[in-house]
Amino acid sequence: MIAKIGKAGADTCGVLRYLYGPGRANEHTDPHLVASFDGFAPDPGRDETVTLAQLATVLDLRVKQAGDRAPEKHVWHCSVRAAPEDRTLSDEEWAVIARRVLNATGIAPAGDPDACRWVAVRHAEDHIHIVATKVRGDLREPRNWNDYLRADKELATIEKEYGLRQVIRGDRTAAKRPTRAEQEKARRAGQATTARERLRTTVRTALATATSTEEFFQILTNTAVLVDIQHFPSGDVRGYKVALNGDTNKDGQPVWFSGSLLAPDLSYPKIAERFTGTPAPARPQPGCKRPAWKQVTDATDRIPDLLTSSDDDGTAQAYITVLAETLDALPLVAPIDLRPQLMQAAAAFERANRSRIRARHEQAQAMRRAVKAIVRGPAPKDAAALAIMLDVIWLAVIAARHWHQVHQHDQQAEAARQTAEHLQAAYQQAAAQPTAVLAQRGRHLTVRVQQRQVAILRQALPELAEQILAEPTWPALAATLADTQAAGHDPAALLTEAATRRELDTATSISDVLAWRLRRTADLSTNDNPDTPAPTRGNRTASPTAPAAPPMNRSANGAARRR
């Protein structure tokens, strides 16, 4: 069940006129009262002699009595809607639900003779409207602070008691949804997404690549975005707002959005907090250290264990935040054919990367530096490195989903599930070609070596062995087992570890997944085979001081204004 509480109004009769009227598309049928404050309120839907004005007069009695003490916006209006798959509730059941919601919100506490006057109107099978006037019998206003959260909590209990669908609920950390006006404006302009959503994506991508607030603003300025930076009298940055170049209001002025209006974690203080202790990543020197791509893969590979074993929720939240930054950065450097799925994964995980738990960003700065370095560094030398990274990120997202479930972050867990689906599709696409190369090698193994790999598989995974052997990508796993043994590892032990520590239930090809996980665990070079080509990046330009802007509408006409 979902409650929707509108802004307070001043016209009681006007609200009733809508509820008892035909609706915007003649969708209202048989409007009538299911309950009222005293059980005797006149019902225009059942008694032809009763007018809407008479019902409004009954509800407004105390408003008139309060005179100047009554609030100007005295009409409280709440709709309660059941899910489409829920059974049809009776009028009596809706009456009970209305009273429970009114009690929970403080509009009409149970047993309070001075509670506000109210009625519950039903004009459809799946929902009711509750209308109350916000003056009590003692002529004071009701205490209905946080009424939406209280109503929502009560509805969650009602869902369980009535056997209704249990709606996924949030924790007030979600980004604000586009308004109807914004959606209609985007539709008229032929845009699939609103200006708010496009700006959110652009700002998040800039945040994932920048190493300082100054560079963050510079990246935004280099895109098709107008940037307005506000300052305190001391000269320190107070905040910022952004607008799409060409997106104007009726007066021809840019439509500005502050960072906090785009998402709670995109306000200037939240952004500055991430940059604390994040020096610019040094450009990798040949042979001096592990490449940035492998650093990100290594760090991401540790996230599942960290989320499972750590008692420090702040550190866990910090790594989930950096995982989101990784997803935001990947479309900049991935092959063009993978970008649609990766961008959808990043958009879905946007909801999963925030919770009420405060992130301890200093604990994840090493991974954050590596993420920023992959934007500046060269692409991996073969497509296998990207496949391995996507597999590791996929597992981290699944772990993040489980972490959110444990903490009862319902919306975040659902967003992580959607992200995992997009990542799995991207992984399968990225792994197809290098897996085919590995499989070709596996088919050319000697009969003796092939028999040895079959024996290792049956020893390590007896329950999955026959299924894996029947898969067309089994030769790729066989070649990897041979490489693992040649590198001095125990292939059976590593295979068992890869299968027991990692989620395989949703894998389309278990042998494919295990092959790349083994190569990751054994740290086998992904460019051992000269036949494996490097992935093709899209054209990307970067200045010495700023990485490439997000792969969207790039323009040199962005402007920055300072106050």
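Predicted model: local features only at pLDDT ≥ 70, side-chain atom pairs only at ≥ 80, totals over all residues.
Five strands form an open sheet. Their order is β1-β3-β5-β4-β2, and the pairing is antiparallel. The edges are taken by β1 (2–5) and β2 (32–36). Each has a single partner strand, so one side of each is left without a neighbour in the sheet. On average, neighbouring strands of this sheet are turned by 25 degrees against each other, direction ignored.

The partner of β2 is strand β4 (residues 118–122), and the two pair in the antiparallel sense over four bridges. A35 has A120 in β4 as its bridge partner. Helix α4 (residues 91–105) lies across β2, β3 (75–81), β4 and β5 (127–133). The helix runs at about 50 degrees to β2.

The structure holds four aromatic pairs. In one of them, the ring centres of F217 and Y240 are 5.6 Å apart and the planes stand at 65 degrees, so the pair is edge-to-face. F217 lies in helix α8 (residues 213–221), whereas Y240 lies in strand β7 (residues 237–244), so the pair ties together parts that are 23 residues apart in sequence. Both residues, F217 and Y240, are buried.

F217 also forms an aromatic pair with Y268. This pair is stacked, with 6.2 Å centre to centre and 10 degrees between the planes. Y268 belongs to helix α10 (residues 268–275) and F217 to helix α8, so the pair ties together parts that are 51 residues apart in sequence. Y268 is buried, as is F217. One aromatic cluster is formed by F216, F217, Y240 and Y268.

Key:
Residues numbered from 1 in each chain as written. Heavy atoms only, no water. Phe/Tyr/Trp six-rings, centres within 6.5 Å; stacked < 30°, edge-to-face > 60°. Buried < 20%, exposed > 50% of the residue type's maximum accessible area, 1.4 Å probe, protein only. Pairing = 2+ DSSP bridges. Axes fitted to C-alpha atoms, helices over the stretch in contact; angles between N-to-C directions. Contact = heavy atoms within 4.5 Å.
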